[in-house]
Each structure stands twice: as C-alpha cells, then as structure tokens.
Amino acid sequence: MTETLLTLISTALLNNFVLHWPLGVDPLLASERRQVHALGIATTCLMLITEVLGYALYHWLLVPLEMTALRLFVFLPLSVLLIGPLLQLLARVFSTLSFEGLWPLLLCNAGVLGMALLNAREDKGFFHATALSLGAGLGFWLVLSLFNDLRQRTLDNDVPLPFRGLPIDLVGAGLIAVAFLGFSGLIKT
C-alpha cells in the first residue's frame, strides 16, 4: 500500500509526464482557460480506463498468444475508441463543465498512449500500473492548472511584442518545470 501511494505521488510530482517527459505538451499549450478542469478530469479518467483495459488486454490476450510486439496496435485504438463515450459520460456526471471540443486534445495527448506502453514495459503489477496512471493524470491536471494561472498572469501584464503568445508560454512551461525540480528530493528510493 505504501509503495502504491509513493508511486502515485512520485508520478504526479517528480516524474510528471508534461514536465519531466515531453508527453502531453500539445494539450497543455492548446487548452483554453474555461476548459482546464474539464480537460484535466477527462485526461485523468482516460489514462485510468485505458490503463485498466490495456493491462487486461495485454496480460490476458497478447502475452498468452505471444504477440506482445503488437501492444501499440492494441493500445492506440483502445484509447481512441474510449474518448467519445468517456466525454459523453463525463458531460452527464459533471454538467457544469464544458467537455465540448476536447476530443482533439485527448486524441493528440501522447501521455495516454505513453502511459499504457510504459505500464506494459515495466509490468510491476496491476496496482502499481493503476497508481502510475492515476498519478500521471493528476500530475497533468496540476500542471495544466498551474500553467493556466501563469498564462492568465502573462495576459494581464505587459509582455514585450516578440515574447507574446507561444514564446512566453514556452518560457512559462520551462519555469514551471524548474519549480517542479524542487520536489526531486521528496521521495528517496
């Protein structure tokens, strides 16, 4: 139980998919202010559901048939097919949030596919893989919220003309990544 909790915290803060690995950067830069929490919830749920179903398919179908090399061709359609029903379900559950227009952002999020492939490669068990997926989704949501706040602050201030738009967003993402380096000594393995 302790190892699962440490995996969850470590994935959210130390080995963040957006900051530590360049997975999920495109939705981070393309997200709008009003959809930050909807995108965070949708990405976390998609990572978790794709991991659970991907783990089952990998261990109950691909490993017995000795077709583990085809895991990419199983995980990619699985994550794509889950986006539509997941967004419809989340729109019903969280009626105050707008989930419209999130389909392309979830489709191009490499973190979902990367998490499924990483869990299949490491193969440390179901609970570890679930904690890794949940931590990655929560870490993505945290970085998305922090980045949105930083983006709002730069919109309210006078930024020099050459730095407006994407350049100041990239500088801000780099500063958030440097700030997350402060968590590097939090968990000793």
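Is F127 buried or exposed? In this predicted model, F127 is exposed, with a relative accessible area of 61%, where buried means under 20% relative accessible area, exposed over 50% and partly exposed in between (1.4 Å probe, protein chains only). The model is predicted, with local features requiring pLDDT of at least 70 and side-chain atom pairs counting only at pLDDT 80 or more, whereas totals for chains, interfaces and linings use all residues. Residues are numbered from 1 along each chain as its sequence is written, and side-chain values use heavy atoms, with hydrogens and water left out.

Aromatic pairs were assigned to rings of Phe, Tyr and Trp (its six-membered ring) with centres within 6.5 Å; planes under 30 degrees apart count as stacked, over 60 as edge-to-face and the rest as tilted. The count by this rule is 3 aromatic pairs. In one of them, the rings of Y55 and F126 have centres 5.5 Å apart and planes at 65°, so the pair is edge-to-face. Y55 belongs to helix α3 (residues 36-62) and F126 to helix α7, so this pair ties together parts that are 71 residues apart in sequence. Helices are DSSP runs (H or I, at least four residues), numbered from the N terminus.

F126 is partly exposed, at a relative accessible area of 33%. The ring centres of F126 and F127 lie 5.7 Å apart with planes at 70°, so this pair is edge-to-face. Y55, F126 and F127 form one aromatic cluster.

Helix α7 (126-156) also figures, with α8 (166-180), in what covers the buried residues of α1. Those buried residues are T7, S10, T11, A12, L13 and L14.

Terms used: Helix = DSSP H or I, 4+ residues; strand = E, 2+ residues; numbered from the N terminus. Contact = heavy atoms within 4.5 Å.
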